[in-house]
Amino acid sequence: TFIKKKYGGHLLTAVGIDGNDSIYPIAMALVETECHASWSGFLATLKQDLNILNTSNFSIMSDKQKVAIGSHFF
């Protein structure tokens with residue numbers, strides 16, 4: 001999400017879906033610009049913080065903007 005306030009930036013978020021199809025926030029980060037480096041850092045930190053060892057059960061969805069988000073982040 002693009003932030004249109006005094007300082008600007010982009011809000012990166014990670015959400016989960018539980019067994020009742022409820023969406024809940026897992027993590028968020030405010031970055032200066034949405035780019036490969038910011039997404040890579042965000043996802044690497046998320047993986048480390050959640051102690052994720054096997055990423056085969058995870059899916060990444062994007063809003064199909066300019067930044068390509070692929071499985072190589074995990």
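**Figure 1. The accessible surface of the whole protein.** The accessible surface comes to about 6,000 Å². Carbon and sulfur atoms hold 53% of that surface. Accessible areas come from the Shrake-Rupley method with a 1.4 Å probe, and for residues only the protein chains shown count as cover. This is a predicted model, in which local features need pLDDT of at least 70, side-chain atom pairs count only at pLDDT 80 or more, and totals for chains, interfaces and linings use all residues. Residues are numbered from 1 along each chain as its sequence is written, and side-chain values use heavy atoms, with hydrogens and water left out. The protein has 74 residues, and 20% of them are buried. Buried means under 20% relative accessible area, exposed means over 50%, and partly exposed lies in between (1.4 Å probe, protein chains only).

**Figure 2. The elements and their confidence.** The protein has one helix and two strands. From the N terminus on, their order is β-β-α. Helices (H or I, at least four residues) and strands (E, at least two) are DSSP runs, numbered from the N terminus. The confidence score is pLDDT, the predictor's confidence in each residue, from 0 to 100. The protein averages a pLDDT of 80. A score of at least 70 is reached by 82% of the residues. Among the elements, strand 2 has the highest mean pLDDT, 91. Strand 1 has the lowest, 88. Contact means heavy atoms within 4.5 Å. Take the contacts between residues at least 6 apart in sequence: 29% of them join residues at least 24 apart.

**Figure 3. The largest nonpolar core.** A nonpolar core is a set of buried Ala, Val, Leu, Ile, Met, Phe, Trp, Tyr and Cys residues joined through side-chain atoms within 4.5 Å. The largest one here has seven residues. They are Leu12, Ala14, Val31, Trp39, Phe42, Leu43 and Leu46. Two elements give two or more residues to this core: strand 1 (10-17) and helix 1 (36-49). Helix 1 provides the largest share, four residues.

Figure 4. Helix 1 has 14 residues. From first C-alpha to last, helix 1 reaches 20 Å, close to the 20 Å expected at 1.5 Å a residue. The expected span is 1.5 Å times one less than the number of residues. Which residues of helix 1 are buried? They are Ser38, Trp39, Phe42, Leu43 and Leu46. These residues lie on the same side of helix 1 because they cover an arc of only 120° around the axis. The arc is that of the directions from the helix axis to the C-beta atoms. Ala37 and Gln48, on the other side of helix 1, are exposed. The buried residues of helix 1 pack against strand 1 and strand 2 (23-31).

**Figure 5. His10 in strand 1.** His10 is found in strand 1. Is His10 buried or exposed? His10 counts as buried, at 15% relative accessibility. Set aside its neighbours within four places in sequence, and His10 still contacts several residues. They are Thr1, Phe2, Ile3, Ala29, Leu30, Val31, Glu32, Thr33 and Glu34.

**Figure 6. Tyr24 in strand 2.** Tyr24 has its place in strand 2. Its relative accessible area is 37%, so Tyr24 is partly exposed. Which residues does Tyr24 touch, not counting those up to four places away in sequence? Tyr24 touches Val15, Gly16, Ile17 and Asp18. Tyr24 and Ala14 are 10 residues apart in sequence. In space, the two are 8.9 Å apart, C-alpha to C-alpha.

**Figure 7. Asp21 in the loop.** Asp21 sits in the loop between strand 1 and strand 2. Asp21 is not a glycine, yet has a positive phi of about 60°. At 64% relative accessibility, Asp21 counts as exposed.

Figure 8. Leu50 is found in the segment after helix 1. At 46% relative accessibility, Leu50 counts as partly exposed. Leu50 and Ile26 are 24 residues apart in sequence. Their C-alpha atoms are 9.7 Å apart in space. Asn51 is also in the segment after helix 1. Asn51 takes a positive phi of about 55° although it is not a glycine. With 57% relative accessibility, Asn51 counts as exposed.
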